[in-house]
Structure formats: C-alpha cells, structure tokens
Amino acid sequence: MVTMSLSAQTVTKRPSLVVGIMIDGLNQDYLNHLRHLFGNNGFNRLLREAVILQNVDFGTPLDNIAATAVIHTGTSPSTNGIPCEVVYDYENGMVRPILYDSTKIGNYTNETFSPSALRVSTLSDEIKIDGDGTNYVHSISPNAFQAIVMSGHASNSAFWINNETGKWATTTYYKDVPTSIVSRNYSKPLSSRIDTMAWTPSLSLNQYPDIPEHRRIHPFRYIFSKKDKSRYLMFKSSACVNNEITSVASDYISEFSLGHHPGAVDMLNISYTLIPYPYSYSPNNKLETMDAYIKLDRNIEQLFSAIERTAGMDNTLVFISGTPPRPRTRRDDERWNIPQGQFSARRATSLLNMYLMAKHGSGEWVKKIHNNNLYLNHDIIKAKRIDIKNLRQDIAQFITRMSGIDNAYTIDDITTRQAGENPDALRRNTTLKYAGDIIFTLAPGWEIIDSETYNIYTNVTRAAQSTSMVLILAPDTKAQTISTPIDARIIAPTISRLLRIRSPNASSMSPLYF
C-alpha cells in the first residue's frame, strides 16, 4: 500500500466587487513628481500596494474611446470595431459619432447612442453573464462614448453628463435608471449648481514644483457661467468633474450595496480626466494639470472610503488604466518661431480633384478628408474601370508633396502590413469599415482645419505616446512594479483571471501572472 499526502492548497479569495477606472491622460511621471503632495490613501496607497504596469502599449496612438475599448475587450480596433470617437460613414456620406444608433432614443438627452458598433464582448458583459444577471454592472463617465464602451452590451446602465443640459443622461438601450440619478437630476441638477462652482488651486502656489515664477503671482480661477454656452463642456474638461463623478459613484455603491451579492461579482466602471485643460488662460497649463492630480488624489481616497463602508477594500479588485496622454492642443506662440502650419482639408480636396480630372476625366473623385483619412469616390472609379490600387498609390505619392504632409499610406499597404514604423500595430488599430483609401500623417506643428469635428480639442500634431500605465489592486495580490512593455490587450484577460471568469470573447492573449 502506498500512502500519499496532499499538501494543503491556499485558495485565493474571489473579489465580490470590481471597480474599473479609466483615467484619461494618466502619467506616472506626474504621480512620482507629486507624491509628496498626495494623501496616504489615494494615489499613494496604489503606489504602495498595487501591481504597477509601467509601460502598457496600445500599439499606435489612440483616442481615449478607442483605448478604453482595447482595455475592456482585450482586442484592438480592427476586431472590436471602435477606432475613434467620430468616424466618416462612407455609405451615408456623413461624419457621425461611432456609437450613433438611430434606432434608440435618449433618456434625459436627445442623443441617440448604443453599443451596437462594439462588435465583441467586454469585461462588463462577462461579469454580468457570470452572475447570471443577479449582479449589478454600472458605468458612469463625463463622456457618453466612454460610459457606453465600459458598460458593453449586457450592463444595467451607462450614464454620462449631457453637453447641453448638464443632466446625467443615458440611452434607452440600457434599462436601469438608478434612483440616485433621478434624484440628482431633479433635486440638485448640475444646472442649478454650476455657476456656484469654481476651480481654484488646492494648495499655496509656492508648493507646486517647477512652475514659472510669473505663474506663482496670481492663482488661477475658472468658473462656469450660465451665460456661457460651453459651460458644461468646460466643466467636463476640468478637475471639478472628477468630484462630481466620485459623488455619483459613492451613491451607486451605497444604493446598490455593491459587493453584497453572494456568489456573484458586481462591477462599477468610472472614468476621470487629467487631460491638460483646453480652456486655460495660459498656454503653459502645467499648474492646472498638477492641481488636477492633487484633486483627483482626494477623490480616489473618497471613493476608497465609500468602498470600505460597503464591500470593503479586502473584497474589492480595483484596476486603474490610463489612456495615452494627449499632446498639448494649443499652437505654440509665434514668438517662439517653431515651424507650424495649417493643412486645409477643403483646399487639398480641390487640388486632388483637379489633378485627377486632368488625368482621368471630370468627376468628383474625392468624397471626404476626415481625421487624417482620405476617402475616394468608388463609384466613379468603377465606372471608368481604373485599377483602384494603382490609383491609391498615385494619390499617396501626390499628397506627400503637399505642404504639411509627413507620410501617406494606402489602405492596401496597411492591410498587408507594409506601412509605417510599426506595421502590425497600425494594421491592428485600423478598422477597415471606417478607414479611408489613404491614411496620412501631418508634420509636427501642423493641424487640419475646416474639417468636421465633434470635440473641443484642436489637432496640432506632436509626436504622441502610445503607452500608458495600469495599476491593479486586488485581494491576495502582492505589490510589485513591472517595467517591461505589456501589450494593452493583456489587461482584460488578466482581470478575468483574477475574477475567475471567461475573458471577453475576442481576447486571445494569455493573462499576466503575478
């Protein structure tokens, strides 16, 4: 007889609550630089206790909507269907939000959005499925698109701040409207409070490091006057919005007793902003950015306190993901003599049409230039029996001779991975349904003008990062820092592993083990 002894195995505790936080523009250099100004239980707690992934790579620069989709689906835009916030709809000949859905109506808004453009499942979907619908999954964000992408297809709700009214709004795609949201919209709407709010420095100006001396003389003060039509956009771009998000998140945690559904995992997704304030008085808005970090540190501490009062931090998995920081959006003052220029989409369209008419005959050859994509008129190309691949190559060579154009790639070269410095990443981050025939880049210092846009940010070209950081604070997980590059598509399967659920259905990468 053989006697075998089995060693006891320690089973890690499964979290009962997941809090997913997206922070637009999160930068580890700022965290380290300002650490002495933070409290003990916000960013410093994360830096002490979390797994820190310093170099999470998105492949090529993405806007915050596309980056959020990568984190929550575990796959790139070519598969998940979300390349950017606003796209050109070739079939209908219109520029529209990526999540536009005419079959849905808004709740507290006239916006018509849904997650239908999201072609795969998300972390939120898999958590909802794992709980067999008995659990709660909610998302809140200043931005409609980010709220919906975080919520995915199966969540209870997704709410955002409406640009016109300041009310918390949603789409009828989602069925739940929390009581706390109804109360907030009617009893203490943002419209009744916004002109009493002001963004001012949290500390004495002498405490902020590395600030030009002239900025230490007068503290900044930003208000959101009812007379200003852009007041809600200004508010949503400011550090003040993070306080509003935290207040709503705390209400959700309390109202739904998140983390108290036996056998199931609840999820709350929220997003914050740390982007440079586009309405700042000074082109050098470093002071405002540092203050935004200090204020957000306090908000995160408040959020952790709300979690502690309900589910308890020992039962909660928190993951915080940055999105690649946006370059500064203002043009440099002319006194610095930095080379710069404006690329006119209309003028480029006219020049290219004249060039093609001289070679191939009359007609409207170019349909649209939008978001660095050039769309050709395929009907006329077919009618004249022109080889479209050769035509694309000819056009790419022609537009690279235009002032302000740095590079131009045909969609054929992109799909065969023969374009750009990182061909594989460029292909992964190109969604063919919305891609142009030619995709071009501008020279540093140049911007596209007279092109339709839905956001407040100008597009002055600078070399842009495609990386950010992720912090994971989970039960039974030891603090450590991983500095080697990590593919952003690994985050979703890693969170899924910690929760012991399926990864999103398009996520094929192996999770991290730590």
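**A buried helix, and beyond**

Tutor: In helix H17, the residues Ile491, Ala492, Pro493, Thr494, Ile495, Ser496, Leu498 and Leu499 are buried, where buried means under 20% relative accessible area, exposed means over 50% and partly exposed lies in between, using a 1.4 Å probe and protein chains only. The model is a predicted one, in which local features need pLDDT of at least 70 and side-chain atom pairs count only at pLDDT 80 or more, while totals for chains, interfaces and linings use all residues. Residues are numbered from 1 along each chain as its sequence is written, and side-chain values use heavy atoms, with hydrogens and water left out.

Helix H17 covers residues 491-499, and because 8 of its 9 residues are buried, the helix is largely enclosed by the rest of the structure. The names of such elements come from DSSP runs numbered from the N terminus, with helices (H or I) needing at least four residues and strands (E) at least two. Just after H17 comes Arg500, which takes a positive phi of about 60°.

A positive phi also turns up at Asp132, which is not a glycine and has a value of about 55°. Asp132 sits in the loop between helix H5 (123-130) and strand E6 (137-141), and with a relative accessible area of 69% it is exposed. Asn371, again not a glycine, has a positive phi of about 50°; its loop joins strand E14 (366-370) to strand E15 (373-376), and Asn371 is partly exposed at 38% relative accessible area.

The structure holds 15 salt bridges, each being a side-chain nitrogen of Lys or Arg within 4 Å of a carboxyl oxygen of Asp or Glu. One of them joins Arg392 and Asp412, 2.8 Å apart from N to O. Since Arg392 belongs to helix H14 (residues 388-399) and Asp412 to helix H15 (residues 411-415), this pair ties together parts that are 20 residues apart in sequence, and both residues are buried. Another salt bridge, at 3.0 Å from N to O, brings together the side chains of Asp89 and Arg96; Asp89 counts as buried at 11% relative accessibility, and Arg96 does too at 9%.

Glu49 and Arg45 give a further case, with their closest N and O atoms 3.3 Å apart. Both lie in helix H2 (residues 43-49), 4 residues apart, which is about one turn of the helix. Here Glu49 is partly exposed at 33% relative accessible area, whereas Arg45 is buried at 17%.

Asp101, in the loop between strand E4 (94-97) and strand E5 (106-107), is buried yet has no salt bridge, and the nearest side chain of opposite charge, that of Lys104, is 5.6 Å away. For such comparisons Lys and Arg count as positive and Asp and Glu as negative, while His and the chain ends are not counted. The side chain of Asp101 does make a polar contact of 2.6 Å with the side chain of Ser114, a polar contact being a pair of N or O atoms within 3.5 Å, where within protein one must be able to donate a hydrogen and the other to accept it, and residues adjacent in sequence count only if both atoms are side-chain atoms.
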